[in-house]
Amino acid sequence: MTTEQNTTTSPRRVLDRQRLVAGIGWGALATVAMSVPMLAATATGISPMPKPVPMALVSHGLGAVPEPGAVALAATAHLAYGAAAGALLAGLFRRVTVLIGVAYATVLWALMGLVWLPYLGWGPFGTAETPKIAIATLVLHVVYGATLGLLLDRSQSDGGGRR
């Protein structure tokens with residue numbers, strides 16, 4: 001091992017840090033990408049969900065929070081969750097592709113469907129409300145995963161990540 005490789009700021013550590021930072025940024029951006037169709041569907045009335053899941057979680061968990069505060073808290077929590085999930089994906093895989101991003105997002109969707117939606121009283125995958133929730137939330141998670149996978153793959157190819 002050379003002296004250069006033995007320092008605390010080895011190239012490997014710098015790359016690891018860069019991967020996590022890229023995962024955070026791209027995870028937040030992928031969350032925005034999935035939130036746009038979610039909010040558009042809500043605004044137009046075509047969403048099968050009684051309200052967007054982040055808003056429902058804030059309302060259910062905290063009770064009566066005034067709307068502007070609830071919206072801000074839900075948006076912040078959703079972005080933070082998406083950013084953390086992006087960092088986790090970037091840290092788990094040496095190379096991230098669109099396919100890996102979609103597969104990962106499908107796992108996140110299953111987690112939401114089996115933990116968070118039943119917590120809201122909507123049943124597994126929202127089926128106590130309507131089976132359409134399962135499909136709608138899967139589509140949104142595929143948007144997240146494809147976006148995250150594409151952005152991480154591009155940042156790796158551009159030298160901003162790992163090879």
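Predicted model: local features only at pLDDT ≥ 70, side-chain atom pairs only at ≥ 80, totals over all residues.

Residues are numbered from 1 along each chain as its sequence is written, and side-chain values use heavy atoms, with hydrogens and water left out.

**Stop one.** Select Val53, Pro54, Leu57, His78 and Tyr81: of the 20 residues lining the largest pocket, these lie nearest its centre. A pocket here is an open set of 1 Å grid points, over the protein atoms alone, where a 1.4 Å probe fits, with protein on both sides within 12 Å along at least five of seven lines; lining residues have an atom within 4 Å of a point. Its volume is about 400 Å³. Now colour H3 (67–92), which gives the largest share of the lining, 6 residues. By type, the lining has 15 nonpolar residues, 5 polar and no charged.

**Stop two.** Next, pick Ser35, Met38, Leu39, Ala75 and His78, the residues nearest the centre of the second largest pocket, which 13 residues line. This one has a volume of about 210 Å³. H1, H2 and H3 each supply at least two of its lining residues.

**Stop three.** Then check the ends: at 1.5 Å a residue, its 26 residues should span 38 Å, and the end C-alpha atoms are 37 Å apart, which agrees.

Note on methods:
Points joined across faces, edges and corners; volume = space filled by probe spheres on them. Helix = DSSP H or I, 4+ residues; strand = E, 2+ residues; numbered from the N terminus. Nonpolar A, V, L, I, M, F, W, Y, C, P; charged D, E, K, R; others polar. Expected span 1.5 Å × (residues − 1).
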